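Please walk me through this structure, part by part.

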Amino acid sequence: MNVIEVNHLVKRYGHVTALDDFNLSVEEGEILGLLGPNGSGKSTCINTILSLLKYDQGTIKIFNQDMHPNRYDLKADIGVVFQEVAVFDELSVKENIDYFCGLYIKDKKKRKEYIKDAVELVGLQDFLKYKPKQLSGGLLRRLNIACGIAHKPKLIFLDEPTVAVDPQSRNHILEGIKTLNERGATIVYTTHYMEEVEMLCHRIVIMDKGRIIASGSNDELKNSIELSERISIVIEDIDKEIINCFHQLEGVMKVEVEDNIIHISYKSKGNNLSQLMDYLNQHHIKYNRLYSERPTLNDVFLELTGKELRD
């Protein structure tokens, strides 16, 4: 079953079209990475799906039912964690989680169990009596997540949940997201950290200018672009003649120089590394080190949008 089904969605702000005949489906049990440069329409997409924004055309279904602002029955099965932390400063960690969980879970015994699960999931057992102002940035984000998922929603939206957090909190958050998914939650995940997308997401959707321009698994997206391999060579003395020679090699798309490293981008698949090593040896070109890398998601993003994700 598709947990989310969006068809032909159009959202305009005056003369600006934020979503342009936008279509999206999210399957039950998957972690979907929703990526796009600033201004691509990601936030508008999420806010319209959640009925926080009105839209001009199209249809939105959640759990195979029409979504609109008054569908509180559907909203009870949705968890939302926005990038901006939204908790009550005057309440403790435990009281905050209890409050947000209590919006959906009225049974006190069940709510107590749910709060315990949420606290353990994000690793806040030692901070239950702390007020938000006493928490570090990473712990505060963990609290924000606990408040959004304590009621055990079937569908969770996570917007930049690890931005500006310490490594320990980041690991807690990422492991918690995996656990939520293993327990059956469907997750829509937005981030500017490509490594998180590669680690977590079953499928990735790239947006630009209000449309989806690519969709697929990590490997499918990498195989869809022209770049197939990048080989980097560390050379102490680089001259223009060497660079020009590399430009002439078969399958080479681009040659870039960064300090004493030459990056050679290939569009052809094959034995590029061994052929390059043979060429270097035949022409007595001395090098300190060379290494090969597959395309990254950032390469995919750059080729499709002309921008890096963090731009």
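Helix 11 (residues 297-305) has as its buried residues Leu 297, Asp 299, Val 300, Phe 301 and Thr 305. Buried means under 20% relative accessible area, exposed means over 50%, and partly exposed lies in between (1.4 Å probe, protein chains only). Helices (H or I, at least four residues) and strands (E, at least two) are DSSP runs, numbered from the N terminus. The model is a predicted one, in which local features need pLDDT of at least 70 and side-chain atom pairs count only at pLDDT 80 or more, while totals for chains, interfaces and linings use all residues. Residues are numbered from 1 along each chain as its sequence is written, and side-chain values use heavy atoms, with hydrogens and water left out.

The cover over the buried residues of helix 11 includes strand 3 (31-35), helix 7 (194-200), strand 9 (203-208), strand 10 (211-216), helix 8 (218-224) and strand 11. Contact here means heavy atoms within 4.5 Å. Just after helix 11, Gly 306 takes a positive phi of about 80 degrees.

Strands of a sheet pair through backbone hydrogen bonds, either parallel or antiparallel. Two strands count as paired if DSSP finds at least two bridges between them. Axes are lines fitted to C-alpha atoms, for helices over the stretch in contact, and angles run from 0 to 180 degrees between N-to-C directions.

Strand 12 and strand 13 (residues 261-266) run antiparallel and are joined by 6 bridges. Val 257 has Ile 262 in strand 13 as its bridge partner, and Lys 254 has Ser 265 in strand 13. The hairpin of these two strands has 2 residues between them, and in it Asp 259 takes a positive phi near 55 degrees.

Gln 275 and Glu 250 are 25 residues apart in sequence and 9.6 Å apart in space, C-alpha to C-alpha. Helix 10 is followed by His 284, whose phi is positive, near 55 degrees.

The next topic is the aromatic rings. A search of the whole structure finds 5 aromatic pairs. Rings of Phe, Tyr and Trp (its six-membered ring) pair if their centres lie within 6.5 Å; planes under 30 degrees apart count as stacked, over 60 as edge-to-face and the rest as tilted. Tyr 99 and Phe 100 form an edge-to-face pair, 5.3 Å centre to centre with 85 degrees between the planes. Tyr 99 is partly exposed, at 40% relative accessible area, whereas Phe 100 is buried at 18%. Phe 246 and Tyr 279 have ring centres 6.3 Å apart and planes at 55 degrees, so this pair is tilted. The pair links distant parts of the chain, with Phe 246 in helix 9 (residues 240-247) and Tyr 279 in helix 10, 33 residues apart. Phe 246 is buried at 0% relative accessibility, and Tyr 279 is buried at 15%. Ring pairs also link Phe 88, Tyr 99 and Phe 100 into a cluster.

Another open sheet has 4 strands in the order 2-1-4-5, with antiparallel pairing. In this sheet, strand 1 (residues 2-13) and strand 4 (residues 57-62) run antiparallel and are joined by 5 bridges. Glu 5 stands opposite Lys 61 in strand 4. Helix 1 (residues 42-49) lies across strand 1, strand 2 and strand 4, at about 65 degrees to strand 2.
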